Amino acid sequence: SIMASLKNEFLAKSSSMRSWVPENPPSNRDRLELYALHKQAAAGDCNTDKPVNKGVAEKAKWSAWRSKAGLSQAESMSRYIAECDRQVRVYGSKAGPSTTTVENTSDQPAPTTPSSRDNPNSPATSHSLLRGIDSVPLLASAASEPQANYMQRLAIMNTNQSWWSRQNPLCGPASPS
């Protein structure tokens, strides 16, 4: 059946995304989008109360999942597959094996790659090296960033030499003033 075929494709895509190592780090909003679509496809509408004594990351994940309420399992799977393909295209892929986890829908901690925090001799101190569960605090911080701050930060970025140049436009070109 079509649903069985879609479910198999969804499971295969979920599995491949667990080992995906992006060439450029995905935006926090993109990470949340994948998480929410996966959670909606796997578990349906959010049936838990808003986290109260949890960190900002858990609240951002809960809000992202809740934003998908009413989306059918089939539609969630289709959107998840399309979003995975878009992110792989936008952020690229590094060659070689990885232990990176894009989403973790179980209650178990996700495996991560070693971070600079684990190795004090590592020269890596940039947040762009965070992978898996290590990136959740940064993800939550970006999800709670006011739009005005985001737009101001975006205005001063050089978008010609970064992953921004490969992003899909959200709207048409700006009209001349």
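**Exercise 1. Leaving aside its neighbours within four places in sequence, which residues is Gln87 in contact with?**

Let's start with the position of this residue in the predicted model: Gln87 is part of helix α4. Once neighbours within four places in sequence are set aside, the contacts of Gln87 are Trp20, Pro26, Asp30, Arg31, Leu34 and Gly92. Next comes accessibility. Gln87 has a relative accessibility of 1%, so it counts as buried, the cut-off being under 20%.

**Exercise 2. Work out how α2 and α4 are arranged, and which residues make the contact.**

Step one is the geometry. Helix α2 spans residues 28-43 and helix α4 spans residues 73-91; their axes come within 8 Å and cross at roughly 155°. Because angles over 145 degrees count as roughly antiparallel, α2 is roughly antiparallel to α4. The handedness of this crossing of α2 and α4 is left-handed.

Step two is the list of partners. On the α2 side, the contact is made by Asp30, Arg31, Glu33, Leu34, Leu37, His38, Gln40 and Ala41. On the α4 side, the residues are Gln73, Ser76, Met77, Arg79, Tyr80, Glu83, Cys84, Arg86, Gln87 and Tyr91. Sorted by class, the contact of α2 with α4 holds seven nonpolar, five polar and six charged residues.

**Exercise 3. Are Cys46 and Cys84 buried or exposed, and how many disulfides does the whole structure have?**

Take the cysteines one at a time. Cys46 has 13% relative accessibility and therefore counts as buried. Cys84 has a relative accessible area of 0%, so it is buried as well. As a reminder, a disulfide is a covalent bond between the sulfur atoms of two cysteines. A search of the whole structure turns up zero disulfides.

**Exercise 4. Describe the protein chain as a whole.**

Begin with the elements: the chain has six helices and zero strands, running α-α-α-α-α-α from the N terminus on. Then look at burial, where buried residues account for 36% of the 177 residues. Finish with contacts: among those between residues at least 6 apart in sequence, 76% join residues at least 24 apart.

How values were computed:
Residues numbered from 1 in each chain as written. Predicted model: local features only at pLDDT ≥ 70, side-chain atom pairs only at ≥ 80, totals over all residues. Heavy atoms only, no water. Axes fitted to C-alpha atoms, helices over the stretch in contact; angles between N-to-C directions. Helix = DSSP H or I, 4+ residues; strand = E, 2+ residues; numbered from the N terminus. Parallel < 35°, antiparallel > 145°, perpendicular 65-115°, else oblique. Left-handed = near helix turned anticlockwise from the far one by under 90°. Contact = heavy atoms within 4.5 Å. Nonpolar A, V, L, I, M, F, W, Y, C, P; charged D, E, K, R; others polar. Disulfide = S-S within 2.5 Å. Buried < 20%, exposed > 50% of the residue type's maximum accessible area, 1.4 Å probe, protein only.
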